[in-house]
Amino acid sequence: MDYYLKALKKKSFIIVDDKRKEPGVKKVLKDLDKKVKIIKSTKALEKKDDQSLLIILDTNKVKLTQNPEIVKEFNTIINIDHHTKTDESIKATLNVIDENISSTCEMITEFLKENEININQNIATLLLGGIILDTNYYKYHITADTFYNSYLLLNSGGEVGKVNELLKQDIKDYIKIQKIIASVKVINNIAIGKGL
């Protein structure tokens, strides 16, 4: 969405408050360094004015946002998501929620395509990565459109090799997880594992 807003010559920022990040997220943020403006919620509130718009992606629950408090501060909110809507869902100005789509990245791909925005190689790779991650390498929640949108991203230069590199788990973390799995004992139909 940042890419789309820049194509419209709009000023945009990505809000990231997480102190701890998954390895793949760290790699993406490092790769995006100097290409996008990443700020914290406190800085976003300093920059906010009456014309500001908050776009929330890949969740429709306030408690799962980077900072639930910031949501209350914006009058105009767009929420784009593919998860099930519930009573806890964000009360947005515009909710675009489609549970039948594999991922928010697939939704954004369709949005960019419909608005005739040329997708560069870096964005194509990131969107492809999101689709691959949310479908667990095309095993779940897929439709013909999922494959078609992946094809469009590959045609735009999306790199599967780079996606695999971004999603690759650190070997030390992998070994820790495997040790926990190996320690599992089943007692009264309850699996119990111990962190080492």
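Predicted model: local features only at pLDDT ≥ 70, side-chain atom pairs only at ≥ 80, totals over all residues.
**Figure 1. Strand β3 pairs with strand β4.** Strand β4 covers residues 76-81. Five bridges join β3 and β4, in the parallel sense. Look for two facing positions along the pair. Leu-54 stands opposite Ile-77 in β4. Ile-56 stands opposite Asn-79 in β4. Now compare the faces of β3. Leu-54 and Ile-56 make up the covered face. Leu-53, Ile-55 and Leu-57 make up the uncovered one.

Figure 2. Which residues of α5 are buried? They are Thr-104, Glu-106, Met-107, Ile-108, Thr-109, Glu-110 and Leu-112. What covers them? The cover includes strands β3, β4 and β5, together with helices α1 (2-7), α6 (121-134) and α7. After α5 comes Glu-116, with a positive phi near 55°.

**Figure 3. Helix α5 passes helix α6 in a left-handed crossing.** The two axes come within 7 Å. They cross at roughly 145°. From α5, the residues in this meeting are Thr-104, Cys-105, Glu-106, Ile-108, Thr-109 and Leu-112. From α6, they are Leu-126, Leu-127, Gly-130, Ile-131 and Asp-134. Several α5 residues here are buried, among them Thr-104, Ile-108 and Leu-112.

**Figure 4. Helix α5 also meets helix α7.** At what angle do the axes of α5 and α7 cross? The angle is roughly 65°, and the axes come within 10 Å. This crossing is left-handed. On the α5 side stand Glu-106, Thr-109, Glu-110 and Lys-113. On the α7 side stand Asp-145, Thr-146, Tyr-148, Asn-149, Leu-152 and Leu-153. Glu-106 takes part here, and Glu-106 also takes part in the meeting with α6.

**Figure 5. Thr-146 sits in helix α7.** The helix runs over residues 144-155. Is Thr-146 buried or exposed? Its relative accessibility is 0%, so Thr-146 counts as buried. Leave aside residues up to four places away in sequence. Thr-146 then touches Ser-102, Glu-106, Ile-131, Thr-135, Tyr-138 and His-141.

**Figure 6. Tyr-138 and Phe-147 form an aromatic pair.** The structure holds three such pairs. In this one, the ring centres are 5.3 Å apart. Why is the pair called stacked? The planes stand at 20°, and planes under 30 degrees apart count as stacked. How open are the two residues? Tyr-138 has 23% relative accessibility, so Tyr-138 counts as partly exposed. Phe-147 is partly exposed too: its relative accessible area is 43%. Tyr-138 also touches Thr-146.

**Figure 7. A charged end sits over a ring.** The charge belongs to Lys-48, and the ring belongs to Phe-74. From the charged end of Lys-48 to the ring centre is 5.6 Å.

Note on methods
Residues numbered from 1 in each chain as written. Heavy atoms only, no water. Helix = DSSP H or I, 4+ residues; strand = E, 2+ residues; numbered from the N terminus. Buried < 20%, exposed > 50% of the residue type's maximum accessible area, 1.4 Å probe, protein only. Contact = heavy atoms within 4.5 Å. Phe/Tyr/Trp six-rings, centres within 6.5 Å; stacked < 30°, edge-to-face > 60°. Lys NZ or Arg CZ within 6 Å of the ring centre and 35° of its normal. Pairing = 2+ DSSP bridges. Axes fitted to C-alpha atoms, helices over the stretch in contact; angles between N-to-C directions. Left-handed = near helix turned anticlockwise from the far one by under 90°.
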